[in-house]
Amino acid sequence: MSYLGANVETASISAGEIRDFRVSHTDRPAVPILDIRSFDDLMDADVPVRVRARHIEQIMDFVPQHMFMLEPSGALSFVNRAAREYLGKSDTVSPSEKLRAIIHPDDFDALLGSYRDAMAHEICVEAEARVRSKNGQYRWFLHQLFPLSDEHGRVVRWCGTRIDIDEQKTLKEQAQQENLVLRKVIDTKSTFEEIVGTSPRLQAVLARVAKVARTESTVLITGETGTGKELIARAIHKRSDRANRPFVSVNCAAIPRDLIASELFGHEKGAFTGAVQRRIGRFELAEGGTLFLDEIGELPAETQVALLRVLQEKEFQRVGSNQTMRANVRVVCATHRDLPAAIEEGTFRRDLYYRINVFPVEVPALRDRREDIRSLVEYFVDSFARKNGKHITRIEKKSLDRLQTYSWPGNIRELQNIIERSVIMCESESFSVDESWLSTQPHPSRPLGEEMVSQEKELIETALEECKGRVSGPSGAAVKLGMPPSTLDSKIRALKIDKRRFYTN
Ligand SMILES: Nc1ncnc2c1ncn2[C@@H]1O[C@H](COP(=O)(O)OP(=O)(O)OP(=O)(O)O)[C@@H](O)[C@H]1O
Ligand SMILES: [Mg+2]
């Protein structure tokens, strides 16, 4: 069937997907298509329908913007001349034509979403998306889709228009590009001026930090490597009543296991071989201030007991001493490990976990708050350029795009390192990044720990697939992996695996 008498072959426009989302409301008011009075002649009942339709088609062919018609079935029934000329004949009339084939892949989902909204709610929608011309080049268009109703208010078809906005868009992008570094990233009025980022996820974390900072609560900060856990710990200290006292940081993973107790609590002369003199520990150094225990998950079992005691009774003893000392220290801990899983494995004490997990703060991965990438890039480019005496005024758009889509396994630290390297290499006023630094190795700064986590996730997913999502029982994945079902369950939760997707009927 052809619409408006137009002799255009009917073609489907990603019809399946659109049609699924279409609902019909019969009580909507009619949308006036044409002003009847101004089109008396055209609408004269004596004029045959085919002629009237032909006139409307000619009008649509005359307008410089793209226009098309969709039938309720989703079938494309009319495409005006401007669109035909832009897309090329084969693209518009072949039945295989799909929206997907002409819209830029990065814009497709958003545009389809808008079309679905229009059809589900019978409303007019607008969206920006790039459209491929017959020469294979993309230009930006403003897309509109609106419903056309019959005299009873029933939607009988859809009219779509596309306006070329490529020039405005390019000018806007150029302006943005030029202003990139000039923009002031650090908001000095912000409570957390040293923490860059305005994403809702980061702001939610900072709101929690602001709440807990002035209390005496122990805080457990979790998050992937390089997400800014130490920065958050320092922010808590800085905003606490202990801000004028020391902030002492201990990386539990970096100290040999047999020395960690003495590092934390100090030792008496002769307490062990090599203890040639008395030494005060970090708890004493942090007196009145904050002790930051980084990588708390790496703490050996016996030190966990001693730490639990300090947290509960505010007391400790130096290694090799019977004398009990009082500790006035606020403890903030951090880990990138899944402590509940470590409890199940028997490597972390449950009672200590409850004691330190009074106020958990989870720092989101950079890939989960991509909105912050641009500000962070600007901030780091600016600070490294200053440090290196370079004059950088712009950021290359292509580089920024690449930085915004990269997965950042090493999070902000990785971003910081790449920007520092790039600033050193930069020989013009325009900042750019060598793409190979992001992609030569799958994960250039991915630490072993993360690599193992990802392998573990893969193993668990394979086992779940083989066991159709079943965890326990003789045919469950736990047996296959040789671990207790409870351990597997907590790993599944920690690794955010959706086991339901392996269920089969
Ligand atoms: N929001 C942010 N704004 C500015 N700099 C940040 C931000 N988050 C992190 N950084 C910087 O990124 C680097 C890594 O942060 P930090 O050391 O706090 O991460 P981490 O989570 O403790 O990492 P790891 O788990 O490897 O110890 C630091 O130089 C820090 O200053
Ligand atoms: Mg750290």
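**View 1. Polar contacts to ligand 1.** A backbone N or O atom of valine 196 sits 2.9 Å from a nitrogen atom of ligand 1. In this predicted model, a polar backbone atom of glycine 228 lies 3.1 Å from an oxygen atom of ligand 1. Lysine 229 places a polar side-chain atom 2.6 Å from an oxygen atom of ligand 1. Taken alone, ligand 1 exposes 630 Å², and the protein buries 85% of that.

**View 2. The shell around ligand 1.** There are 18 residues around ligand 1; Val196, Thr225, Gly226, Lys229 and Arg413 come nearest. By type, the shell holds seven nonpolar, five polar and six charged residues. Helices α10 (229-238), α16 (373-387) and α18 (411-425) each supply at least two of its residues. Domain 2 (169-362) and domain 3 (376-439) each give the shell at least three residues.

View 3. The structure holds nine aromatic pairs. In one of them, the ring centres of phenylalanine 265 and phenylalanine 283 are 5.4 Å apart, with planes at 10 degrees, so the pair is stacked. Phenylalanine 265 belongs to helix α11 (residues 260-265) and phenylalanine 283 to helix α12 (residues 282-285), so the pair ties together parts 18 residues apart in sequence. Phenylalanine 265 is buried at 3% relative accessibility, and phenylalanine 283 is buried at 1%. Ring pairs link Phe265, Phe283 and Phe316 into a cluster.

**View 4. A tilted tyrosine pair.** The rings of tyrosine 353 and tyrosine 354 have centres 5.9 Å apart and planes at 55 degrees, so the pair is tilted. Tyrosine 353 is buried, with a relative accessible area of 14%. Tyrosine 354 counts as exposed, at 52% relative accessibility.

Terms used
Residues are numbered from 1 along each chain as its sequence is written. Chains are lettered from A and ligands numbered from 1 in the order in which they are written. This is a predicted model: local features need pLDDT of at least 70, side-chain atom pairs count only at pLDDT 80 or more; totals for chains, interfaces and linings use all residues. Side-chain values use heavy atoms; hydrogens and water are left out. A residue is near a molecule or strand if one of its heavy atoms lies within 4 Å of it. A polar contact is a pair of N or O atoms within 3.5 Å; within protein, one must be able to donate a hydrogen and the other to accept it, and residues adjacent in sequence count only if both atoms are side-chain atoms. Accessible areas come from the Shrake-Rupley method with a 1.4 Å probe; for residues, only the protein chains shown count as cover. Helices (H or I, at least four residues) and strands (E, at least two) are DSSP runs, numbered from the N terminus. Ala, Val, Leu, Ile, Met, Phe, Trp, Tyr, Cys and Pro count as nonpolar, Asp, Glu, Lys and Arg as charged, and the others, Gly among them, as polar. Domain bounds come from an automatic or database domain assignment. Rings of Phe, Tyr and Trp (its six-membered ring) pair if their centres lie within 6.5 Å; planes under 30 degrees apart count as stacked, over 60 as edge-to-face and the rest as tilted. Buried means under 20% relative accessible area, exposed over 50%, partly exposed in between (1.4 Å probe, protein chains only).
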